[in-house]
Amino acid sequence: MAEPKWLKDMDKDQYLKEDFDAQGKSRYTVADLIKNDPDWLDKAAEKTHAATGDDYVKLDSGLLTVNQINWMLRNTIGELTFVDDNNQFLWYNRPVDPNVKMKAKRVPAQVGNTMGEVHPDVRDVILEAKKVVHALRTKEGGHDTVYMPVPTGNLKQLVLHYYKRVEDDEGNYAGIYEWVQDLYPLVKYFCETKGQKLVVDPDATTGATYRRNSAPDAQTKASTKAAAAAEEEAKAVEPDTATGASHN
């Protein structure tokens, strides 16, 4: 994925210290359970007497049942996940359609797993994940979000990984919320309704590799290389002069 420069420049010795075995203890860690147990969710729910089904949950701005929360989150646009401050994967919004192919695949048996177990130990996956986690844990350079476009080799597939630092009421680090979404359907709808179009900007100073491997009418994906992952995607929305549509 394409990293912002401030993330690339982080001290490797520091972010590699992130404990992806989740050996610490968070404020909400469920003790005395094996984190990578595929039945962790059921065992943790039983141990904590967790609310389920039609039980009501009082939120800061509403009152919903567990069922209502589940239904809403399953239908929220994009793929959502939450990892706590102890690097334990605790939740994702399971798709309504079980046949949907997730862009960042998760399965129920992974809930409760450590970050080291969730991420495959291939290439630089663990290293890059530790970098993002440490950056948001420490609020590197004042940043509390990380945007990572995925070079797909196709301007009709604009996949974005968005990571957000989650804080408690006192501003302490509480974990990371991740949102993964193909932005193209949203961009396409916006362009169609506003008389605009998505084009490659030849004057852009960033995203050179992404542009080289992308074409508005591409039907197949170009291979994603390490160099491509190091570049930022470039995209521009310009008025469609052929239609004469107003920008307003």
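The following dialogue examines a predicted model of a protein chain and the grounds for the terms applied to it.

Student: What does the protein chain come to in secondary structure, and how much of it is buried?

Tutor: The chain comes to nine helices and nine strands. Of its 248 residues, 40% count as buried.

Student: Why is His134 called buried?

Tutor: The relative accessible area of His134 is 14%, and the term buried applies under 20%; His134 is therefore buried. The residue is found in helix 6. Residues up to four places away in sequence aside, His134 touches Met10, Gln14, Tyr15 and Glu18.

Student: What makes the pair His134 and Glu18 a polar contact?

Tutor: The side chains of His134 and Glu18 are joined at 3.0 Å. The limit for such a pair of N or O atoms is 3.5 Å, with one able to donate a hydrogen and the other to accept it. The value of 3.0 Å is within that limit, so the term polar contact applies.

Student: Why is Glu192 described as exposed?

Tutor: Glu192 has 53% relative accessibility, and exposed means over 50%; Glu192 therefore counts as exposed. Its place is in helix 7, residues 184–194. The side chain of Glu192 makes a polar contact of 2.7 Å with the side chain of Lys188.

Student: What makes the phi of Ala22 worth noting?

Tutor: Most residues other than glycine have a negative phi. Phi of Ala22, however, is near 50°, a positive value in a residue other than glycine. Ala22 lies in the loop between helix 2 (12–15) and helix 3.

Student: Which other residue has a positive phi, near 45°?

Tutor: That residue is Arg123, again a residue other than glycine. Arg123 lies in the loop between helix 5 and helix 6.

Student: How do you know whether Ala22 and Arg123 are buried or exposed?

Tutor: The relative accessible area of Ala22 is 1%, which is under the 20% cut-off, so Ala22 is buried. For Arg123 the value is 76%, which is over 50%, so Arg123 is exposed.

Student: What makes a group of residues a nonpolar core, and which members of the largest one touch the most others?

Tutor: The members must be buried residues of the nonpolar kinds in the definition, joined through side-chain atoms within 4.5 Å. The largest such core has 26 residues, of which Leu7, Val132, Val146 and Tyr163 touch the most other members. The elements that give two or more residues to this core include helix 3 (40–48), strand 4 (89–92) and strand 5 (145–149). Helix 6 gives the most, with seven residues. Another core lies apart from it, of eleven residues, among them Leu155, Leu160, Tyr184 and Cys191. As a general background, nonpolar side chains in soluble globular proteins tend to be buried together.

Student: How do you know that Tyr163 is buried?

Tutor: Its relative accessible area is 12%; this is under 20%, so Tyr163 is buried. Tyr163 lies in strand 6, residues 159–167. Among the residues that Tyr163 touches are Val132, Val146, Met148 and Ile176. Val132 in turn is in contact with Leu7, Val146, Met148, Tyr163 and Ile176, neighbours within four places in sequence aside.

Student: Why is the link between Tyr163 and Glu178 called a polar contact?

Tutor: A distance of 3.4 Å joins their side chains, and this is within the 3.5 Å limit, so the link counts as a polar contact.

Student: What makes strand 4 and strand 5 edge strands?

Tutor: Five strands form an open sheet in the order 4-3-7-6-5, with antiparallel pairing. Strand 4 and strand 5 each have a single partner strand, so one side of each is left without a neighbour in the sheet. The twist averages 15° from one strand to the next.

Student: How do you know that strand 3 and strand 7 pair?

Tutor: Pairing requires at least two bridges, and six bridges join strand 3 (residues 79–84) to strand 7; strand 3 and strand 7 are therefore paired. The bridge partner of Leu80 in strand 7 is Trp179.

Student: Why do strand 1 and strand 2 count as paired?

Tutor: Strand 1 (residues 56–59) and strand 2 (residues 62–65) are joined over four bridges in the antiparallel sense. The requirement is at least two bridges, so the strands count as paired. They form a hairpin with two residues between them, and Val57 stands opposite Leu64 in strand 2.

Notes: Residues are numbered from 1 along each chain as its sequence is written. This is a predicted model: local features need pLDDT of at least 70, side-chain atom pairs count only at pLDDT 80 or more; totals for chains, interfaces and linings use all residues. Side-chain values use heavy atoms; hydrogens and water are left out. Buried means under 20% relative accessible area, exposed over 50%, partly exposed in between (1.4 Å probe, protein chains only). Contact means heavy atoms within 4.5 Å. Axes are lines fitted to C-alpha atoms, for helices over the stretch in contact, and angles run from 0 to 180 degrees between N-to-C directions.
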